[in-house]
Amino acid sequence: MANVAARAEENTMASLQLRHIGKQYDNTGPEIIKDLSMDIHDGEFVVFVGPSGCGKSTMLRMIAGLEDITSGSLMIDGVRANDIAPSQRGVAMVFQSYALYPHMTVGENMGFGLKLAGHDPQEVREIVGKAAEILQLSHLLDRKPRALSGGQRQRVAIGRAIVRKPKVFLFDEPLSNLDAALRVSMRIELARLHKELGTTMIYVTHDQVEAMTLGTRIAVFNQGTVAQMGPPVELYDRPANQFVAGFLGSPTMNFIACTPASSSRGEGASVEIGGGHRVTVPNIMLDQQGLPATLGIRPEHVRITTESEGLAARVDFVEHLGDHQVVHGKLLHTDQPVVAKVPMSVSLDDANPVVGLAFNPAACRLFDQQGVALV
């Protein structure tokens, strides 16, 4: 334990290795985390994202030491940390709830942990002062929490973690209690904080916008496993499966049933959607033709054209969002739902709700019957 604590003092960055991590709350209960392995490098900002109940917060709490690890190994800077006390792991956690002491000032809240640890009062003031400068809280140190906005309270909670000089910051949905405008500004604050401190950060959220804008890498959780992990743009452009493709992006990716018709190394895979309409997806070779598959295309890669030129669809509803419009409809031949994200300059005829849809073939993805992306 002393070894990890000592290294936490001298090094504010850390790498983590998760090896075959499993979690069960009893021997007969379901597996919450299933054989999960990943590496998190020094100074990374890794985001765990996924729907409620997928295991992302449980994994974060196991890293913090707040949950026992049923099986596997957690390594922090090469030291096995499974049985090390939370206070000795060199990590600091910021929760969804601010949990500030209402009778203490901002400065007292931020320095309370150091005070309990027996630090000299002058040293505590200096450390708190430096953290307050980083978080732009210097002018608020003498205020009580009730005199702060939600965003300021969250910054105080983050400051309480910073003063401990952890090797790893853990964030468990810290922005969930803030309104939309504050969430945007706090995302910018967190990105700036990571750039300034350079400390390893692990962030849990169910909000895919937070994941895409904050993470240097994203781990998409699904039912206790990681469906895919990688840089945000890679996961968005080249999802490994339908779950990742459908979870990231708003509006979500269109999934259209299709039948592979032909495949050649030079042209790619040609698929039939319905009504004799075909789309050729480049750079894909199919081993078996004729088996059902799914074509994935993001709404921004769907273009509205004339019915004679494109795939016929009926427009059901249009969302006008200022800089663009989202067109919701169904394919005429198969009745499958489809969404297009198009400029406001595209005019739609209310009297004739039938339009043609054209897809950007290079942006299409093909998934097999198990939902795995074909490459």
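Helix α3 (106-116) and helix α4 (residues 121-134) pack at an angle of about 130 degrees, with their axes 9 Å apart, where the axes are lines fitted to C-alpha atoms over the stretch in contact and angles run from 0 to 180 degrees between N-to-C directions. That makes α3 oblique to α4, because angles under 35 degrees count as roughly parallel, over 145 as roughly antiparallel, 65 to 115 as roughly perpendicular, and the rest as oblique. Helices here are DSSP runs (H or I, at least four residues), strands are E runs of at least two, and both are numbered from the N terminus.

Please keep in mind that this is a predicted model, in which local features need pLDDT of at least 70 and side-chain atom pairs count only at pLDDT 80 or more, while totals for chains, interfaces and linings use all residues. Residues are numbered from 1 along each chain as its sequence is written, and side-chain values use heavy atoms, with hydrogens and water left out.

Which residues of α3 meet α4? Gly107, Met110, Gly111, Leu114 and Lys115 in α3 meet Val124, Ile127, Val128, Ala131 and Ala132 in α4, contact meaning heavy atoms within 4.5 Å.

Turning to α5 (150-162), we find that α3 and α5 pack at an angle of about 30 degrees, with their axes 7 Å apart. On the α3 side this contact is made by Val106, Asn109 and Met110, and on the α5 side by Val156, Gly159 and Arg160.
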